[in-house]
Amino acid sequence: MNSDKSIWASLPVPAFLIDTDDRITDVNSAGEGFLNASARQVEGQPVWDLIAVDAPLEEALQRARANGTPLFVNDVDVGTGNRAPLQCALQIAPLVNHPGMMILMISPRELAGRMTQSHSVKSAAQSAIGMAEMLAHEIKNPLAGITGAAQLLSMNLSQEDLELTDLIVTESRRIVKLLEQVEQFGNLSAPDLKPVNIHDVLDRARRSALLGFGAHMRIIEDYDPSLPLAYGDPDQLLQVVLNLLKNASEAAGDIGGDIRIHTYFEHSFRLRRSDGSGHSLPLQVEIIDDGPGLPDDIKADIFDPFVSGRENGTGLGLALVSKIISDHDGWISVTSVPGRTVFRLSLPRAPRDTSAE
């Protein structure tokens, strides 16, 4: 019996025992992490009240139970009330010597299925940024000459004509600012990785936002106080969080709204590369806003360079965020519908031999 308990606790994927009424009778530690709830909290609860699957499973589960056969479901979105959906594979099988009892295992596949695409996008982004950096260098010099010439002309012009030279100067400076952002993207240094309390980073970003661009917003802290140290560059992670808070604040407009910063630990979240290697990303940070959501036509490409949902947006902010998280060997994802947009950062835990430093 103790051996059975050890095997159950050691399963690396969320696993649930379900009775004849589709209620949870037991859950392993990975399942607790997936639901962000303890076994005591979920035992006796209807499984489909806690786990939302983007597929009709009830009838198929009943047939599998009646026939004593396993059921396999691939590539479905699985979510809970506490976290955004993940693309998963489900395995459901009868429990030997326990008639009517079923075991449900959930294998998150979002990262494994998207890594090849991610590498392709990253390669394309690097090529685009390389070209943009070259153009930025070539364009800034003549722009400086144009700006200077316009300022000299303005010394001897009437008020009506001054509006034209002011327009030249203003637009030239706007282009220079854009080019400087392109250069910043390409010149971002490698992260200085060290153990970092992610809540310290989040608090710094929250205070800065409330004193500036987010003064019209209500920023709610929803932290897991037991979260271990992350492994990252605190300054670069601050830049990431500030960018996400700024986007949420700007999306809300003048009417304002709520931003919730939610942190939690998820045992089962792993980054799997195409070569089969991978590592754990258990620290989760979600920036959740109640704004209008992302435009449908750019949702799939929101982290690509020069893709923006705002008028006069540069489309580099989220590309920079994605690059920083990638350089941390982390993962960023987004789900968005009107009234709820969730940007989720998944980060590595600090190695145990350095966490005390």
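Predicted model: local features only at pLDDT ≥ 70, side-chain atom pairs only at ≥ 80, totals over all residues.
User: Okay, at what angle do α9 and α10 pack?
Analyst: About 145°, with the axes of α9 (residues 234–252) and α10 (residues 317–327) 10 Å apart.

User: Left-handed or right-handed crossing?
Analyst: The α9 and α10 crossing is left-handed.

User: And which residues meet there?
Analyst: On the α9 side you've got Q236, L237, Q239, V240, N243, L244 and N247. From α10 come G317, L318, L320, V321, I324 and I325. Sorted by class, that contact has 8 nonpolar, 5 polar and no charged residues.

User: Switching to the largest nonpolar core: how many residues does it have?
Analyst: That core has 37 residues, and I198, L244, L245 and I287 have the most contacts inside it. Helix α9 gives the largest share, 8 residues. Elements supplying at least two residues each include α8, α10 and β15.

User: What does I198 touch?
Analyst: Leaving out residues up to four places away in sequence, I198 touches L227, L237, V285 and L347. There's also another core apart from the largest one, with 31 residues, including V42 and I92.

User: Back to β15. Which way does β15 run against β14, parallel or antiparallel?
Analyst: Antiparallel, with 7 bridges joining β14 (residues 331–337) to β15 (residues 340–347).

User: What's in the turn?
Analyst: The β14–β15 hairpin has 2 residues between its strands, and G339 in the turn has a positive phi of about 95°.

Methods. Residues numbered from 1 in each chain as written. Heavy atoms only, no water. Pairing = 2+ DSSP bridges. Helix = DSSP H or I, 4+ residues; strand = E, 2+ residues; numbered from the N terminus. Axes fitted to C-alpha atoms, helices over the stretch in contact; angles between N-to-C directions. Left-handed = near helix turned anticlockwise from the far one by under 90°. Contact = heavy atoms within 4.5 Å. Nonpolar A, V, L, I, M, F, W, Y, C, P; charged D, E, K, R; others polar. Core = buried A, V, L, I, M, F, W, Y, C linked by side-chain atoms within 4.5 Å. Buried < 20%, exposed > 50% of the residue type's maximum accessible area, 1.4 Å probe, protein only.
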